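Morning, everyone. Let me put one chain on the screen and talk you through it.

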Amino acid sequence: MEQSFVFKFLGLTFDLSGIIGSTLMAAVVLFVCIWLSRKVEMKPNKKQNIMEYLIDFTDGIVKDNVSDVDARKHLSLYAFVLFIYIWFMNQLGLFLEVKAGDNIFVKSPTADPVTTMSFAMMTLLLSFTFGMQKFGTGGYWRNYAEPVSFLFPINMIEEITNFLTLSLRLYGNIYAGEVLLTLIGNSFAPSFGVITLVLAAPLAMIWQGFSVFIGSIQAYVFVTLSMVYVGKKVTKE
């Protein structure tokens with residue numbers, strides 16, 4: 001059975017496939033951003049147009065979901081980097097998977113719940129930070145007890161469910177896409193010889209194209225919901 005390669009260090013367990021994939025995609029995002037933003041001109045060239053479109057796109061997500069002007073200034077860059085980083089992570093496993101025996105060394109990092117939960121935790125902590133800066137520590141916690149005090153535990157449970165749904169939605173979609181692609185290549189293709197081998201090729205390409213679309217949608221949904229959660233924390237209901 002295929003599994004991610006893990007190792008232990010100082011009593012902690014590390015997933016090497018997640019580390020390699022995340023680091024690789026961070027390097028790709030850095031390279032793409034530098035390449036697109038080189039030689040910025042008053043009259044934008046094609047590369048600059050792409051960069052400006054991406055920034056405008058993520059800025060639009062922030063403006064649509066966060067009403068606080070001060071919070072928007074800090075969230076624009078976060079939304080931009082988060083969207084691009086998650087998008088590249090979602091696509092990695094569709095086109096590159098490195099295996100040695102039963103161990104997988106490179107795959108989509110977002111096909112691992114630890115990665116998606118890390119992103120969700122960043123958003124959660126960021127929303128707490130902006131909420132406390134806006135209302136103060138005491139005022140922030142009192143918001144959980146409004147309009148009536150017995151809603152406090154319910155609102156606290158909602159924070160946990162927001163964290164889980166935000167992270168597991170992304171993980172589930174990307175993981176399911178990679179599993180199906182693996183089944184097409186490893187199980188369906190060799191099942192009945194040449195016939196299924198021929199059928200598997202276009203089927204895999206169709207699914208890859210569909211998965212690129214799903215990965216893009218999930219990156220958009222993750223960033224949008226992140227901004228919705230932050231926006232709720234800086235708005236008094």
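First, the ground rules. This is a predicted model; local features need pLDDT of at least 70, side-chain atom pairs count only at pLDDT 80 or more, and totals for chains, interfaces and linings use all residues. Residues are numbered from 1 along each chain as its sequence is written, and side-chain values use heavy atoms, with hydrogens and water left out.

Confidence next. pLDDT is the predictor's confidence in each residue, from 0 to 100. The protein chain has a mean pLDDT of 82. In that chain, 87% of residues reach 70 or more. The lowest confidence is in strand β1, residues 3-4, at a mean of 62. The highest is in helix α2, residues 46-65, at 89.

Now the layout. The protein chain has 6 helices and 5 strands. Helices here are DSSP runs of H or I with at least four residues, strands are runs of E with at least two, and both are numbered from the N terminus. Along the sequence, the pattern reads β-β-β-α-α-α-β-β-α-α-α. The chain has 237 residues, and 36% of them count as buried. Buried means under 20% relative accessible area, exposed means over 50%, and partly exposed is in between, with a 1.4 Å probe and protein chains only.

What about contacts? A contact means heavy atoms within 4.5 Å. Take the contacts in the protein chain with a separation of 6 or more: residues 24 or more positions apart account for 68% of them.

On to the annotation. An unreviewed UniProt entry lists "transmembrane region" for residues 16-37, 75-94, 114-132, 179-200 and 206-230. Those positions are in the numbering used here, feature names are shortened, and annotations may be inferred rather than shown by experiment. Check two of those spans against the model. Residues 16-37 are 100% helix and 0% strand, with end C-alpha atoms 32 Å apart. Residues 75-94 are also 100% helix and 0% strand. Their end C-alpha atoms lie 30 Å apart.

Helix α1 covers residues 16-37, so look there first. It has 22 residues and reaches 32 Å from its first C-alpha to its last, close to the 32 Å expected at 1.5 Å a residue. That expected span is 1.5 Å times one less than the number of residues. Which residues of α1 are buried? S17, G18, G21, S22, M25, V29, C33 and L36. They cover an arc of only 120 degrees around the axis, so they sit on the same side of α1. The arc is that of the directions from the helix axis to the C-beta atoms. On the other side of α1, T23, L30 and F31 are exposed. After α1 comes K39, with a positive phi, near 55 degrees.

Helix α2 next. It has 20 residues and spans 29 Å from first C-alpha to last, close to the expected 28 Å. Its buried residues include Q48, M51, T58 and D59, along with I61 and V62. Seen down the axis of α2, the buried residues fall within an arc of 155 degrees, so they line one face. The face turned away from that buried side carries exposed K46, Y53, D56, K63 and D64.

Now the rings. The whole structure holds 7 aromatic pairs. Rings of Phe, Tyr and Trp (its six-membered ring) pair if their centres lie within 6.5 Å; planes under 30 degrees apart are stacked, over 60 edge-to-face, and the rest tilted. Y53 and F57 have ring centres 6.3 Å apart and planes at 20 degrees, so the pair is stacked. They are 4 residues apart in α2, about one helical turn. Y53 is exposed at 56%, and F57 is partly exposed at 28%. Y171 and Y175 are stacked too, with centres 5.4 Å apart and planes at 25 degrees. Ring pairs also link Y53, F57, F83 and Y220 into a cluster.

E159 lies in helix α5. It is buried, at 8% relative accessibility. Beyond neighbours within four places in sequence, E159 contacts L124, F128, Y144 and K233.

G131 lies in helix α4, residues 113-142. It is buried, at 0%. G131 and G231 are 100 residues apart in sequence, yet 9.0 Å apart in space, C-alpha to C-alpha.
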